[in-house]
Amino acid sequence: MQEFYQIQDGVLIRYMGREEETVVPAGIHTVGEGAFKGCVSLKKVVLPSGLQCIMGDAFKGCRRLEEVVIPDGVTYIGRYAFHRCHALKRVILPRSVEELGECAFLYCDNMREAWIPGVKRLGMEALANGISLEKLVISRDLDKSCICDVFTGCGQVREIGYADGETFCIPNVVDVVAGDFRVPPLIEMVVRDILERMMELDGRMLVRFRVNIKQVEVPEGIEVLAKSSFYDMRGIVDIRLPKSLQKIESRAFRNCIGLERVVLGGNAIQIDGDAFRNCTSLKAVRTCDGTEYTFEGLNDIYRADAAKVLVSADEVPEPVRMIHRQVFGNFRFTIVCISRHPRKASAPISRRLSGRITLSMVSMPAKASSAIAVTPSGITTLDSAPRYCNSIVPLNRKLPNT
């Protein structure tokens, strides 16, 4: 095992092994910058006694790392040291660790517990986007001035305690921010940092979401998504809505053109008519019972059971039906008729567009003769002045020979 380590003057420069578990040899005082960076096979690391510092990028990108044993005596963990260690489920730091550099545990999105009982100074985003974090243990001596964009996005936290054992179990972070659940000032600062850098709240209404990230989990306790609250957030791909949500107001997700999937926490949600306008990539909605519905073509909704099943509108929960109607109500179609028998051509168009499409233009070749402009039966709304070859003529009227 010794041959896997490049060590110089007590500094571990580089680990070159491909093992799943490793015990770092004694005699080092520093894990050097990027020493384990990108070691994707690594699942467990035991660091030696006598260690003092873990430098920046030390374990960055070790995406399968599940456990790291950090000995007492370590005082500093550098910037991005455990960035994107996605498999890390629990971090227990010894009381000797007094400082975490910026982004030290950024995007450790499966971490459920973080014990930082001796930490007094925190860099920005040190634990940000820990979307699975449920339990946090901090020091009473934590410097309040450094609590700024440190815990952003850790919206699932339910338990925050001090190193001496006093613990506060909170129903949800929104209750604290809304003033319905009282906690000590330091813990309230932590909770506010979780939410307020990410979203603007007015009581239990989410007024404006501020971060353009791929995955969003709206915290439990939010009851209303206000008008335009996620407007033009084009980077959002997947959003999870809480059980507490009661209403999605007008234009809430307008122009979220990257949004592909919505997970509903409950089915009793009032959705305004244009809440999902221009969400042109949206193709899946999951309901609170775990059923996933996918949208294909213009009309079809499938239920993803053991096998994919085409379902009728009556079988689909109202929120899913409403979202589907809005998504496919975004499109306006140009029907191009080149046949002398447009009634035959209109049949497949009618079946595919039935019930939801606005026809804004009928375009016919300039040389067409004796053709009849026919409105397919599936067209439910017709613009007041549809255009035919740049000339406005009534429907179902014989076009002039040219």
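Where is Asp 149 found? Select Asp 149: it is in the loop between strand 13 and strand 14. Helices (H or I, at least four residues) and strands (E, at least two) are DSSP runs, numbered from the N terminus. Keep Asp 149 in mind; the tour returns to this loop.

**Before you start**

This is a predicted model, where local features need pLDDT of at least 70, side-chain atom pairs count only at pLDDT 80 or more, and totals for chains, interfaces and linings use all residues. Residues are numbered from 1 along each chain as its sequence is written, and side-chain values use heavy atoms, with hydrogens and water left out.

**The whole chain**

Colour the chain by pLDDT, the predictor's confidence in each residue, from 0 to 100. The average is 85, and 81% of the residues score at least 70. Now select residues 350–402. Here the pLDDT is below 50, yet the stretch has 97 contacts in the model beyond near neighbours in sequence. A contact means heavy atoms within 4.5 Å.

Switch to a cartoon view. The protein chain holds four helices and 30 strands. Of its 402 residues, 49% are buried. Buried means under 20% relative accessible area, exposed over 50%, and partly exposed in between (1.4 Å probe, protein chains only). Among contacts with a separation of 6 or more, 35% join residues 24 or more positions apart.

Show the surface next. The accessible surface is about 18,900 Å², and 47% of it belongs to carbon and sulfur atoms. Such areas come from the Shrake-Rupley method with a 1.4 Å probe; for residues, only the protein chains shown count as cover.

**Stop 1: the aromatic rings**

Rings of Phe, Tyr and Trp (its six-membered ring) pair if their centres lie within 6.5 Å; planes under 30 degrees apart count as stacked, over 60 as edge-to-face and the rest as tilted. By this rule there are 10 aromatic pairs.

Select Tyr 5 and Tyr 15. Their ring centres are 5.2 Å apart and their planes meet at 50°, so this pair is tilted. It links distant parts of the chain: Tyr 5 sits in strand 1 (residues 5–8) and Tyr 15 in strand 2 (residues 11–15), 10 residues apart. Both Tyr 5 and Tyr 15 are buried.

Move on to Phe 36 and Phe 59. This pair is stacked, at 4.6 Å centre to centre with 10° between the planes. Phe 36 is in the loop between strand 4 (30–31) and strand 5 (44–46), and Phe 59 is in the loop between strand 6 (53–54) and strand 7 (67–69). The two residues are 23 residues apart. Phe 36 counts as buried because its relative accessibility is 0%. Phe 59 is buried too, at 0%.

**Stop 2: charges over rings**

A charge sits over a ring if NZ of Lys or CZ of Arg is within 6 Å of the ring centre and within 35 degrees of the ring normal. Select Lys 60 and Tyr 80. Lys 60 lies over the face of Tyr 80, 4.9 Å from the ring centre. Then take Arg 84, which lies over the face of Tyr 107 at 4.3 Å from the ring centre.

**Stop 3**

Return to Asp 149. It has a positive phi of about 60° although it is not a glycine. Asp 149 counts as buried because its relative accessibility is 13%.

Now select helix 2, residues 185–196. Its 12 residues reach 16 Å from first C-alpha to last, close to the 16 Å expected at 1.5 Å a residue. The expected span is 1.5 Å times one less than the number of residues. Its buried residues include Leu 186, Ile 187 and Val 190. The buried residues of helix 2 pack against strand 13 (135–138), strand 14 (159–162), strand 15 (167–169), helix 1 (173–177) and strand 16 (199–202).

**Stop 4**

Select Asn 278, in the loop between strand 23 (270–271) and strand 24 (284–286). Its phi is positive, about 65°, although it is not a glycine. Asn 278 is partly exposed, with a relative accessible area of 22%.

Tyr 293 comes next, in strand 25 (residues 292–296). It is buried, with a relative accessible area of 6%. Its contacts, leaving aside neighbours within four places in sequence, include Ile 301, Tyr 302 and Val 320.

Finish on helix 3, residues 318–328. Eight of its 11 residues are buried, among them Met 322, Ile 323 and His 324. The cover over the buried residues of helix 3 includes strand 23, strand 24, strand 25 and strand 26 (300–304).
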